[in-house]
Every structure is written in structure tokens, then in C-alpha cells.
Amino acid sequence: MTSLYQRLKESGNPKAPMEVICDLIEKGKTAKEIANIMGITERWVRTLMKRKKDGLSAKELLHKKGPRSPHPKRTKPHIEALVIETQQKTNMGPRRLARELKRTLNLNISSYTIRNILRRNNVKTKKVRSRNGNKRYYANLNHWEALQYFQIDSKHIADAKTLPPKAYAALFKYRLPKYQFTAIDIKTRMRILCFSDECSFANGFSFILYIAFLMRALGIRHRMFFQTDNGSEFGGSEESRKRKILQEKFLEPLGVTLLSIPKGEKEAQGFVERSHRTDDEEFYIPALPHITSRKVFMTSAASWVKYYNQKRSHGGRDMNGKTPKEKIFELSLVSSKAATSIPPILLDKVNTFILKMVGAQNISWDSHHLLQLIKRKQFVAPYILLNLKT
């Protein structure tokens, strides 16, 4: 037979059994009588009666008093304050926070200790919910060298669904760039950013050439692979005429292969898409409300890129909490400082110069004539072929 105490406990009101016991105590019932009525042990009743004498409420009767002094091995208050302050600045979870404190302050605190500190002080990581696709693409990072395989994509910064009202309004009030072009190396997570007012083919084409020229200038000699989606800013689908001209006339002489993802499957661009979410959470949302001009925006963006590449630790696969700068230095490929210090530029200001430099300013991209010349090898690229590794 179920006891009265158990039935009250299962009623959904945790205070119900304690309120009945308090009422019986006030009526002068003995511990033995209360135990018989409630169907519990006399020892438990005496414990509750003792707590009642200490002035605890019905809800508090269920819980023991905490220790009169903190545990001797508990984290020191100034360390707890430092953990909380760092978390509120970076919005990192326990594991990333542990790596960040170790890397920046040489402070050894386990992620479990940090978790308990955050719980004790009711500090929570702010999370942005995003829709998960059904597919996840696995990239074999061991197959690639550093700065060899780049995912390239454009981002519409002025997204009212992502940015808070003040950040969104600042983009239009101060006429800030509306689009971001991103290239990320999947091996080291090193990123290069550029900005523009228009998401045009001229800007997308210029950005691809800009990345290729930068890598060759840094001394990269192996063949590179640039993966994009099927957006018009990158020439459209793999079968499009623009795409074929772009590959055969301009990128092949630079030792670059342009790749496309399957249509409608953005999961294949996982590295660059995830980095765009980081841009929103750690740069645009907190910084845009305080930016009042294009000059301030570009300066802030340059600082953000430098922080991302040189100071921000990454917990992704094969990164083990390293920064892109540390990963490039570990692989001893090029100067890690030079590769991670490339400032962003406004593509609208330079695309005319870049297109003129490679002889693309007067090309009729929708004409069959140029494609036929390329196939017959009657068109020579206007820049010198590089001595590249095959």
C-alpha cells in the first residue's frame, strides 16, 4: 500500500508532504505519531523536526544546509571572477575556455571546474540556434597540405534575421559594406576576408584571383583547389560558360582548380559556413552598433581577421586548440605571421584594376567565341606562367 508521504510526493507539488508534516508538528504530534500517519521512518521525522526548529520553510526542509565555510579546495574567488569575466567577453564554453586560459594566461583549470564555476554563478553561454541539414560531409584533412584547399563563399551581412535591430540599422545608416567574401583553408582554418557593396561576378572573380595571387606571392608552389557554391558571383554552375572560361583562361595558368559543390547542398561548404556564424556571434552582433563610418568598419574588420587568425583558438578536428598562425608555423610551410596578417580590402575599389591586370575587362563572358579560342589554344593568358608543382 502506498504511503501518504509517497502519494503527496507524486502529486507534482514537492512542498506538499513537507507542509503536511509541518502542520502535524505544529499540532503537537510526536515523531512516532507523525511517522505512522505519513508512512515514513521515525528517524526521518526527527531530522525534519530538527530542521523545523532552525527556522527552515517547508520547501527548505527537503534540503540540508550548505557548509558554513567554503570547501578548502574550492577555486579561489579571484580565479572564479577571472573565469566569469573571460567567459562574458568571449562567450566560450568550458572546453574552449580552458584552452584559452591556458594559452593566454598559463592558467591550468579543467573544463569540469570551469563548468561548475559557471553553473554556480548562473553564467550561460549564449547560443544561436541554426537549422541542421541531414547530410554532413567529412573532409580528409590528412590528404591536403596547408594552404592548398580553400572553401570560398560570399556572405550577406545585412541579414535582419541574424543581426539585432541596432546592428542591422548601422549598416544602412553609415553605408557600410553589405557583403563579405570569405576564403578559409580547411587544413589550418586561416581566413582571408574582403568586402563589397555588390555581390557581383566582377567582385567574386576578383576575389578568387586575389587569393590566388596572394598565395603565390607567399611562396606556395603546389596546385591549389578553390571550392565555391553555384552562386552567380562565382560564375554559376560547373557547366556554365563563365565557369569554363574562368578555369581554362585565368586559373589554370596559376595552378588553381576551381571546384563546385552539389546544387543545394551547402553542408559541403561546412568550414566556411561555420566561420560565417562565428563572424555574426563574435564580430557583427557586438561590434556593428558601435561602428559609425566605413573607415572604422574596415579598421575593426582588420582587427577581427588578425584576432581570428592569430589569437583565437580552434577546437575543430586536428586543431587541438591551436590558432591558425600556430598551425601554419607547426607545418613550417610559409611565414605564419605574413599569411595571417592579410588585411581585408573593398573589392568594389580594386576589381577594375584586377580585371584590367589579367586582361578580363573587355571579355564578353556570354560569347562562344572566346571559349572556342581557348579550346584551340589560340588564346594566351596575359600573365607569365609560374613554375608550379604538379
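Which strands and helices do the buried residues of H11 pack against? The model examined here is predicted, with local features requiring pLDDT of at least 70 and side-chain atom pairs counting only at pLDDT 80 or more, while totals for chains, interfaces and linings use all residues. Residues are numbered from 1 along each chain as its sequence is written, and side-chain values use heavy atoms, leaving out hydrogens and water.

The protein chain contains 16 helices and five strands, where helices (H or I, at least four residues) and strands (E, at least two) are DSSP runs numbered from the N terminus. Of its 390 residues, 44% count as buried; buried means under 20% relative accessible area, exposed over 50% and partly exposed in between, with a 1.4 Å probe and protein chains only. Among contacts (heavy atoms within 4.5 Å) between residues at least 6 apart in sequence, 68% join residues at least 24 apart.

To return to the opening question, the buried residues of H11 pack against strand S1 (149-156), helix H8 (165-173), strand S2 (179-185), strand S3 (191-196) and helix H12 (294-310). The buried positions of H11 are Phe271, Val272, Ser275, His276, Thr278, Asp279, Asp280, Phe283 and Tyr284. One of them, Asp280, is where H11 bends by about 40°, the bend being the angle between axes fitted to the seven residues ending there and the seven starting there. The 18 residues of H11 (residues 270-287) should span 26 Å at 1.5 Å a residue, and the end C-alpha atoms, 25 Å apart, agree with this; the expected span is 1.5 Å times one less than the number of residues.

Helix H12, with 17 residues, reaches 24 Å from its first C-alpha to its last, close to the 24 Å expected at 1.5 Å a residue. Its buried residues are Phe297, Met298, Ala301, Trp304, Val305, Tyr308, Asn309 and Gln310. Their cover includes helix H6 (94-105), S2, S3, H11, helix H13 (324-331) and helix H14 (336-339).

How do these two helices meet? H11 and H12 pack at an angle of about 120°, with their axes 12 Å apart. Axes here are lines fitted to C-alpha atoms, for helices over the stretch in contact, and angles run from 0 to 180 degrees between N-to-C directions. The two helices are therefore oblique to each other, given that angles under 35 degrees count as roughly parallel, over 145 as roughly antiparallel, 65 to 115 as roughly perpendicular and the rest as oblique. The contact involves Ser275, Thr278, Asp279, Glu282, Phe283 and Tyr284 on the H11 side, and Phe297, Ser300, Ala301, Trp304, Tyr307 and Tyr308 on the H12 side.

Glu80, Val83, Ile84 and Gln87 of H5 make the contact with Ile114, Ile117, Leu118 and Arg120 of H7. Arg74, in the loop between helix H4 (42-53) and H5, touches Glu80 and Arg120, not counting residues up to four places away in sequence. Arg74 counts as partly exposed at 38% relative accessibility.

Finally, two loop asparagines deserve a mention. Asn106, in the loop between H6 and H7, has a positive phi of about 55° although it is not a glycine, and is exposed, with a relative accessible area of 56%. Asn320 lies in the loop between H12 and H13 and also has a positive phi of about 55°.
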